Amino acid sequence: MTTYNGHCHCGQTEWTVKIQDPAHVLCHCDACKLLSGGESTLNTIVPKDDLKITKGDLKTYTYQGDSGNPVHCYYCSNCTSSPYHHQTVLGDKYVVRTGLLEGSKDWKVALEIFGKDRLTWQPEVAQTMPGAPS
């Protein structure tokens, strides 16, 4: 288990997260596209106790996920970078944005989810997670 440091765009918020196998999960869902302004987000799922906010305070808002359950999104109140969100359907686990972690540029893409929402010009770079919408 390795601890990685993350920070928002403006530097007002910082965090650490423990990750066993560092890799990205690409999410192509429409909500992630709206949040990021891009074609997907880079993520990993960790137990909530493995994420620690070390500087700053986060704001939150909630929307209804595809499961019908609430999704709580946490973001910097100044620059709106979003370090993580909590899909309540996942219980005590958080979805951490791996693209905001130091050293993550060289990580591989392990899985993709919501392949059905992938942009038509975007190639598949990893297998779509079994059981996830494809």
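Colleague: How are residues numbered, and what limits apply to the model?
Modeller: Residues are numbered from 1 along each chain as its sequence is written, and side-chain values use heavy atoms, with hydrogens and water left out. Because this is a predicted model, local features need pLDDT of at least 70 and side-chain atom pairs count only at pLDDT 80 or more, while totals for chains, interfaces and linings use all residues.

Colleague: Which pattern does the chain follow along the sequence?
Modeller: Helices (H or I, at least four residues) and strands (E, at least two) are DSSP runs, numbered from the N terminus. By that count there are one helix and ten strands in the chain. Read along the sequence, the pattern is β-β-β-α-β-β-β-β-β-β-β.

Colleague: What is the radius of gyration of the chain?
Modeller: The radius of gyration is taken over C-alpha atoms, and the globule rule is 2.2 Å times the number of residues to the power 0.38. The C-alpha trace spans about 40 × 30 × 25 Å along its principal axes. For 134 residues the globule rule gives 14 Å and the chain comes close to it, so the chain is as compact as a globular protein of that length, with a radius of gyration of 14 Å.

Colleague: What percentage of the residues of the chain count as buried?
Modeller: Buried means under 20% relative accessible area, exposed over 50%, and partly exposed in between (1.4 Å probe, protein chains only). Of the 134 residues of the chain, the buried part is 40%.

Colleague: Among contacts between residues at least 6 apart in sequence, what percentage join residues at least 24 apart?
Modeller: A contact means heavy atoms within 4.5 Å. Among contacts in the chain between residues at least 6 apart in sequence, those joining residues at least 24 apart make up 50%.

Colleague: How many salt bridges does the structure hold?
Modeller: A salt bridge is a side-chain nitrogen of Lys or Arg within 4 Å of a carboxyl oxygen of Asp or Glu. Pairs that meet this include D30 with K33 and K116 with D117. The structure's count of salt bridges is four.

Colleague: How many residues apart in sequence are the parts that the E14 and K55 pair ties together?
Modeller: The side chains of E14 and K55 meet in a salt bridge at 3.9 Å, N to O. E14 is partly exposed at 31% relative accessibility, and K55 is partly exposed at 39%. E14 lies in strand 2 (residues 14-19) and K55 in strand 5 (residues 51-55), so the separation in sequence of the parts they tie together is 41 residues.

Colleague: Which residues is E14 in contact with, leaving aside its neighbours within four places in sequence?
Modeller: E14 lies in strand 2. Leaving aside neighbours within four places in sequence, E14 is in contact with G6, H7, K52, I53, T54 and K55.

Colleague: In the D30 and K33 salt bridge, which residue is buried?
Modeller: The closest N and O atoms of D30 and K33 are 3.0 Å apart. The two residues are three residues apart in helix 1 (residues 30-36), which puts about one helical turn between them. D30 counts as partly exposed at 45% relative accessibility. At a relative accessible area of 14%, the buried residue is K33.

Colleague: Where is D57, and which residues is it in contact with beyond its neighbours within four places in sequence?
Modeller: D57 sits in the loop between strand 5 and strand 6 (58-64), and counts as exposed at 63% relative accessibility. Leaving aside neighbours within four places, the contacts of D57 are T13 and S77.

Colleague: Is F114, which has a positive phi, buried or exposed?
Modeller: F114 has a positive phi of about 55° although it is not a glycine, and is found in the segment after strand 10 (109-113). With a relative accessible area of 14%, F114 is buried.

Colleague: What is the phi of T80?
Modeller: T80 is in the loop between strand 7 (70-76) and strand 8 (84-87). T80 is exposed, with a relative accessible area of 52%. T80 is not a glycine, yet its phi is positive, at about 70°.
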